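Please look at the sequence and the structure before reading the points.

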Amino acid sequence: MNKLGILSASVMLALSAPAALAKVTDAEAAKLGTELTPLGGVKAGNADGSIPAWDGGITSAIAGYEKGMHHPDPFPQDKIEFTITNANKDKYKAHLTDGQRKLFELYPDTYKMNVYQTRRTASVPQFVYDATKANATRAELVSEGNGVKGASIGVPFPMPKNGLEVIWNHVLRFRGVDVETSRSQAAPTASGSYTLVETAEEIRFQYSRPEITLDKLNASNTLFYFKQVVTQPARLAGTALLVKETMDQEALPRQAWTYNTGQRRVRKAPNVAFDTPGSVSDGLRTTDDFDMFNGSPVRYNWELIGKQEVYIPYNDYKLHSDKLKYDQIIHPGHVNPELVRWEKHRVWVVKAQLKEGMRHIYKTRTFYIDEDSWQVSLADIYDNRDELYRVAFAHAINYYEVPTHWTTLEVFHDLQSRRYIAMGLDNEGRMYNFDAKLSEANFTPAALRRAGIR
């Protein structure tokens, strides 16, 4: 057993597994929905009962909720079970990452983690479960791991045998079909002052459409379309980005375009990838940090370490509330810890190591991926000196009108500058619209120019 506390012999086998592996057998796939959840998590709870069994997650909206509302907390009665601080962090070190421990050291007087009972609320629609079971026996990596084929709608590798399969599960996890969002981000200075950047976003998930077929996906080689337009502040308003993400990035790399209000021109943007600084991020995250990790995995070797029980942000409905103002969330050094809910969950641990000859400002990235949703929940990020550089958290909830488990806020801490960027703030804005009807015509360079004109 290694230092992370591996949970099963099958995971130990995965440590030495080659990149090319036999597909899952029908007998193995039959475990989905029985001893495993329909997406491949362990259905049973853990040995000491601190992680309960998965019972289907949240399958319907709670009483009083109507579409368009921010999502009321399904568990308002839950109390804090204990609080981790810099003074007592060693007591809980078995379930903390290096990045979490580092934040206690950097902010010993203000940073803390309020830990609540674990509630395994992640769920998706039945058609996604059905597609996942079909994918299990036919999905495979292509182009040396730079793409996937034989999968649609659901998780491609619910019983992963290597790190690349796990990270593709995150990239291809279900987040809806057509989604409109109005979100904001803040990158406070050390004193806590910030300028709010507001964006309007549209996403058309080709891969997740209930009517999609393998033939259509192969023909289009399209995973999703994404369009983002900055609406505030005035000096940035109209700046816009369009991305066409591909399934096989070796056959066709990501296609991207930008619109600049000063030039009033749409330009092809092949550099919107990898470690290019993220849009209006003040240099505090890379392009491939968005959604905790996105894009081609080609620059890294991906090692499946195994599973670990870790405290991760989960059911963060308090942080999601429209009763909050952004000033109540954005504090110097870190977001307000009183608003964050931490729970112990089982996570897949994947280590990404920069390949020899490849360039990226991140040499090593350790991802902690929730077993119930395939959402990357935490990331510890190291620079080329092997120093811990950035720490990322995905604060997630179940959007129960869909349902889907997705973030309400992503936070990237830059340990060197002692700053952070909080992305996805939606408390003072409109709630996500999962009923948007978006066509491919919404995602052309001409549509980008129209969206960007002020």
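Strand S15 (388-399) and strand S16 (404-414) each supply at least two residues of the lining of the second largest cavity. Strands here are DSSP runs of E with at least two residues, numbered from the N terminus. This is a predicted model, in which local features need pLDDT of at least 70 and side-chain atom pairs count only at pLDDT 80 or more, while totals for chains, interfaces and linings use all residues. Residues are numbered from 1 along each chain as its sequence is written, and side-chain values use heavy atoms, with hydrogens and water left out.

**Cavities**

- A cavity is a set of points on a 1 Å grid over the protein atoms alone where a 1.4 Å probe fits but cannot get out, and its lining residues have an atom within 4 Å of a point.
- Grid points are joined across faces, edges and corners, and a volume is the space filled by probe spheres set on the points.
- The whole structure holds three cavities of 30 Å³ or more.
- The second largest cavity has a volume of about 70 Å³, and its lining includes Tyr111, Trp342, His395 and His413.
- That lining has seven nonpolar, three polar and one charged residues, where Ala, Val, Leu, Ile, Met, Phe, Trp, Tyr, Cys and Pro count as nonpolar, Asp, Glu, Lys and Arg as charged, and the others, Gly among them, as polar.
- The largest cavity has a volume of about 80 Å³, and among its lining residues are Leu39, Arg173, Asp372 and His405.

**Strand S16 and its partners**

- S15 and S16 run antiparallel and are joined by ten bridges; two strands pair if DSSP finds at least two bridges between them.
- Arg390 has Asp414 in S16 as its bridge partner.
- S15 and S16 form a hairpin with four residues between them.
- S16 is also joined to strand S17 (residues 419-425), antiparallel, by five bridges, and Phe412 stands opposite Ile421 in S17.
- In the hairpin of S16 and S17, Arg418 in the turn has a positive phi of about 55°.

**Nonpolar cores**

- A nonpolar core is a set of buried Ala, Val, Leu, Ile, Met, Phe, Trp, Tyr and Cys residues joined through side-chain atoms within 4.5 Å.
- The largest core has 71 residues, and those with the most contacts inside it include Trp168, Leu172 and Trp406.
- A second, separate core of 41 residues includes Phe104, Val335, Val391 and Leu415.

Methods. On a 1 Å grid over the protein atoms alone, a cavity is a set of points where a 1.4 Å probe fits but cannot get out, and a pocket is an open set with protein on both sides within 12 Å along at least five of seven lines; lining residues have an atom within 4 Å of a point. Buried means under 20% relative accessible area, exposed over 50%, partly exposed in between (1.4 Å probe, protein chains only).
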